[in-house]
Amino acid sequence: MGMTIAEKILARASSRASVRPDEIVVANVDLAMSHENADLVRKSFLEIGVPRVWDPSKIVIIFDHRIPAESEKTATTHKAVREFVAAQGITNFYDVGRGGICHQVLAERGHVKPGMVVVGTDSHTTTHGAFGAFATGIGATEMAGVWAEGALWFKVPSTIRIEVTGEFRPWISAKDLILHIIGRLGAAGADYRAVEFDGSAIRSMTAASRMVLANLSMEMGAKAAFTPVPEIGPDPAAVYERVLHIDAGRDIAEPQIACPHSVDNVKPLSAVGELPVHQAVLGSCTNGRVEDFEIAARIVAGREVHPRTRLIVIPASQQVYREAMRLGYLETLMAAGAIINPPGCGPCVGVHQGILAAGEVCVSSTNRNFIGRMGSKDSSVYLASPAVVAASAIAGRLAHPEALEPVHA
Amino acid sequence: MPEAKLVLRGCVRAVLPENIDTDIIYPGRYLNITDREKTAEHLFELAYPGIRAELQPGEFIVAAANFGCGSSREQAASALKYAGVGAVLAASFARIFYRNAINLGLPAVVSPVAFKLCAPGDELEVDLTGGRVRNVTQGREFASAPLDPRAIELLQAGGLIPYLKRKYATAQGARP
Ligand code: SF4
């Protein structure tokens, strides 16, 4: 019987000829990633009583959620992790100023290879399926077990295949596609399952755009998500739980917006109605890359951020920051009135650098709009593409880039 | 370590809707709290602060589908456990939350109908291995998915860390 990509990788990692959905396998882990929650992992690991991690070269630790430390408490946990990393000989450690958001850094520093089993103490670890890895999020205690043993049990997931053909309309991007899919399948639509994306519209996407799809697949519960790579693909006779066909041009006529307070509450932009916006956020592991800044810069060039609105821009990594600077995008964004935050998670998880007050509305290129995610429990977050975020910052309300006044020369 | 009980008795503290995400259970702003006991202080803080205020040890949280969706934060499971929740019964769980709960020794029971057949204050008897829930107050019984042997083993050990601790202590530090 043919195998899907997830089945192939789990079979290899558990030294089996083949595996089927629902089987339990113990797979060797190729890469184990943590961010600041490495402090929780460290504590659990020390409790186990094993003196050394199984393989320091396979562990990567990247600070991103609270950088630079926003409080003494965080500074203390950062310090504890630094000391642990040094004591264990973990050299793949990206401290403040050396990296950025964990998923971006893991990708751009070439830690992920096709066919790998990657676990991370972050739910959006699914992002690395864009490079052909079986990559999934786990909790800190489970990671402590991985640090001790280098292996983890998995239930082999069934796979949903999503084939996307056709041409995207102007201003429509990977973000709109995946929001559309989440809206159709629901927040639990891919729970416990793997997702394989393929089709001409996917194959013509940039790596950054493919990362958007794999990243946000988490928001419909996916355990792992894959976009095509030359090195590993499904068998022709692979068995899927379900196959979905999407025509990008026909099915996605306008930008897609995930309305409060769940990511599957997706509406076409025109159905959301008049919505004044106080804050616009461009960043995160979903949409904080160079191509996102390029499109935003194109939209805001020669324009000004609306007086009512704050535009907060957060490069996903140091590398993205430097590249966007070199290409002039940051200059353009700043000239329009944007503030540039240091690379990292920024306000995405509601800690610092752009927290919302009660009653405020934010349009954001991030990935979650849960109650209180970015600040007050009485604030609201609308998730959208970088193009819509940039256009909304200029208009001061939720806006399509095409709806902006022309720039006067 | 006393063996964990396999039949739990307690009252329902709250019946919650579907898609209770981990930000609702434990807000992201408290993620730098890494003492598990202390995470309990912020359970449901933004959306349902009353739950923690009124929770009695051993009480149940009942929910519709996809409980624990969102972030991988283990604090969501530890906050429930250390606040004293006896078990969570949901129509389904998001996968990372489910693993976190079992790994921390918090029973997570899949019951497609519990949220329809329980009201706050009802007394329940939850048979973890038998796959059966009795609503004592309403005098009715309904099915749940029996926990698999791996989950039972972890719950009885008190969670993954005590389980591994014991394993390595008996192996005298030798890796398998
Ligand atoms: S950017 Fe947001 S979603 Fe991505 S890793 Fe950081 S906090 Fe999580």
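## The largest pocket

First, a quick word on terms: a pocket here is an open set of grid points where a 1.4 Å probe fits, with protein on both sides within 12 Å along at least five of seven lines. Keep in mind that this is a predicted model. The largest pocket holds about 640 Å³ of space. It has 29 lining residues, and those closest to the centre are Trp153(A), Lys155(A), Tyr192(A), Tyr98(B) and Asp148(B).

## Who builds the lining

H5(B) gives the most, with 5 residues. By residue type, the lining splits into 15 nonpolar, 11 charged and 3 polar.

Where does the largest pocket sit relative to domain 1 and domain 2 of chain A? Both domain 1 (24-155) and domain 2 (159-251) give residues to the lining, so the pocket lies between them.

## A look at Arg12(A)

Now over to helix H1 (residues 5-13) of chain A, which is where you'll find Arg12(A).

Leaving out residues up to four places away in sequence, Arg12(A) touches Asp30(A), Gly115(A), Met116(A) and Val117(A). With Gly115(A), a polar atom of the Arg12(A) side chain lies 2.7 Å from the backbone oxygen. As for Ala324(A), 312 residues away in sequence from Arg12(A), the C-alpha to C-alpha distance between the two is 39 Å.

Conventions:
Residues numbered from 1 in each chain as written. Chains lettered and ligands numbered in written order. Predicted model: local features only at pLDDT ≥ 70, side-chain atom pairs only at ≥ 80, totals over all residues. Heavy atoms only, no water. Helix = DSSP H or I, 4+ residues; strand = E, 2+ residues; numbered from the N terminus. Contact = heavy atoms within 4.5 Å. Polar contact = N/O pair within 3.5 Å; in protein donor to acceptor, adjacent residues only side chain to side chain. 1 Å grid on protein atoms, 1.4 Å probe; cavity = no way out; pocket = protein on both sides within 12 Å on 5 of 7 lines; lining within 4 Å. Points joined across faces, edges and corners; volume = space filled by probe spheres on them. Nonpolar A, V, L, I, M, F, W, Y, C, P; charged D, E, K, R; others polar. Domains from an automatic or database assignment.
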